[in-house]
Amino acid sequence: MKKLWLIFAQTATIGLAVWFVLTLVAPQWLPRPVADVVTVRQAPADASAPVVTPDSYHDAARRAMPAVVNIYTAKDVKTRSHPLLNDPFFKRFFDDRFGGDDTQRTSSLGSGVIVSDRGYIVTNNHVVESADEIEVALADGRTAEAKIIGSDPDTDIAVIKIDLGKLPTLTFADVNAMQVGDVVLAIGNPFGVGQTVTMGIVSALGRSQLGINTFENFIQTDAAINPGNSGGALVDTHGSLVGINTAIYSRSGGSLGIGFAIPATTVRQVMDAIIKDGGVTRGWLGIEAQDVTPELAASFKLPEARGALIAGIVRAGPADAAGMRPGDILLGINGHPVKDSSDMLNQIAGLKPESEVPMEVFRAGKGQKVNVKIGKRPRLSGR
């Protein structure tokens, strides 16, 4: 028994000695404890897989830029002399050497869009208003003198014409299909540095009551628009015309990411009328209106705050002849609901003078139907 124990002890000692040697010399030969295994599935590397990169809008810019022009205008502006120069004694003393009123030559710049290969260019009215000279510079380096075909101050749109051949043009986009968030490009001549493209999105549609134009239905964008961009193009990612850049909201005179463009639908309507008739004829109702606030709606017992409250009526005007009176709330025009006073103004302007149109008014707590013979909107003096 003692001999067996001795053999076991020797064997255990030798085994420990071998394990110790292996741990020092060749630990990889020793068995390892089994651990939990997490299987991760990895997609095989594919050299042909497409690499995702930011979109480029060079195709849209390439299509649109040739049709966007720079417009340079010049006009004579009379400056008033100092009142002291009109004093007879002063004039006699200085022998009229200072003269009277002075005339200065001023210049300005803007942008425009070629919309016809016949040379018609759409721009803003304020770009070419009262200009004595208008020069157009094309992207291909050509220049030409332009003449004013007509203008519409109420929408700030003007049409000018040049006599050149082989002119590039822009196609009109379907503005009704546009949505907030769509990418747009603004093309123009900001600060006179040369043709420039900026990118943004459609920030809002149908902006109105901004006090910029009489008729407002602006596309708002955050694409950088600066002085000199006026009259330039706002295009979609296909290079089609979405609108004409016309104004910015700014406290410093530079872009703050709030720009406004006249929709291509309005541009087309006004442009066609100017080219065909030399001006725009709009419908007229002869009322002074204001928005219906929730407080006004409650006081008139109107179920919802919408429509246009008639605050005043032009004597012998279309509304007066139809029996409308102050205090009526205009809710519908020719079957179309009226959202507010601005919407009412735009709807009336789109009606043909002399046409008879049914309208819905809210009076004394209930709705009534009124037929109105639309008049012709008078042209405001000085416009």
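Pockets are found on a 1 Å grid over the protein atoms alone: a pocket is an open set of points with protein on both sides within 12 Å along at least five of seven lines, and its lining residues have an atom within 4 Å of a point. The model is predicted, so local features need pLDDT of at least 70 and side-chain atom pairs count only at pLDDT 80 or more, while totals for chains, interfaces and linings use all residues. Residues are numbered from 1 along each chain as its sequence is written, and side-chain values use heavy atoms, with hydrogens and water left out.

The second largest pocket is lined by 22 residues, and those nearest its centre are Ile287, Ala289, Ser341, Met344 and Leu345. Its volume is about 330 Å³, where a volume is the space filled by probe spheres set on the grid points, which are joined across faces, edges and corners. Helix α8 supplies the largest share of this lining, six residues. Helices (H or I, at least four residues) and strands (E, at least two) are DSSP runs, numbered from the N terminus. Along with α8, β14 (283-284) and β15 (287-291) each give at least two residues to the lining of the second largest pocket. By class, this lining has eleven nonpolar, eight polar and three charged residues; Ala, Val, Leu, Ile, Met, Phe, Trp, Tyr, Cys and Pro count as nonpolar, Asp, Glu, Lys and Arg as charged, and the others, Gly among them, as polar.

The largest pocket has a volume of about 1000 Å³. It is lined by 35 residues, and Asn217, Thr265, Thr266, Gln269 and Asn346 are the closest to its centre. The elements that give two or more residues to this lining are β9 (196-207), β10, β13, α5 (264-277) and α8 (341-349). Of these, α5 gives the most, with six residues. The lining of the largest pocket divides into 14 nonpolar, 14 polar and seven charged residues.

Asparagine 217 lies in the loop between β9 and β10. The C-alpha atoms of asparagine 217 and phenylalanine 260 are 9.4 Å apart, although 43 residues separate the two along the chain.

Phenylalanine 260 also belongs to an aromatic pair. A search of the whole structure finds one such pair. Its rings, those of phenylalanine 218 and phenylalanine 260, have centres 5.8 Å apart and planes at 50 degrees, so the pair is tilted. Rings of Phe, Tyr and Trp (its six-membered ring) pair if their centres lie within 6.5 Å; planes under 30 degrees apart count as stacked, over 60 as edge-to-face and the rest as tilted. Phenylalanine 218 lies in strand β10 (residues 218-221) and phenylalanine 260 in strand β13 (residues 259-263), so the pair ties together parts that are 42 residues apart in sequence. Phenylalanine 218 is buried, at 1% relative accessibility, and phenylalanine 260 is buried too, at 6%.

The last topic is strand pairing. Two strands pair if DSSP finds at least two bridges between them. Strand β19 (residues 356-363) runs antiparallel to strand β17 (residues 329-333), joined by four bridges; leucine 330 has valine 361 in β19 as its bridge partner. β19 also pairs with strand β20 (residues 366-373), in the antiparallel sense, over eight bridges.

Notes: Buried means under 20% relative accessible area, exposed over 50%, partly exposed in between (1.4 Å probe, protein chains only). On a 1 Å grid over the protein atoms alone, a cavity is a set of points where a 1.4 Å probe fits but cannot get out, and a pocket is an open set with protein on both sides within 12 Å along at least five of seven lines; lining residues have an atom within 4 Å of a point.
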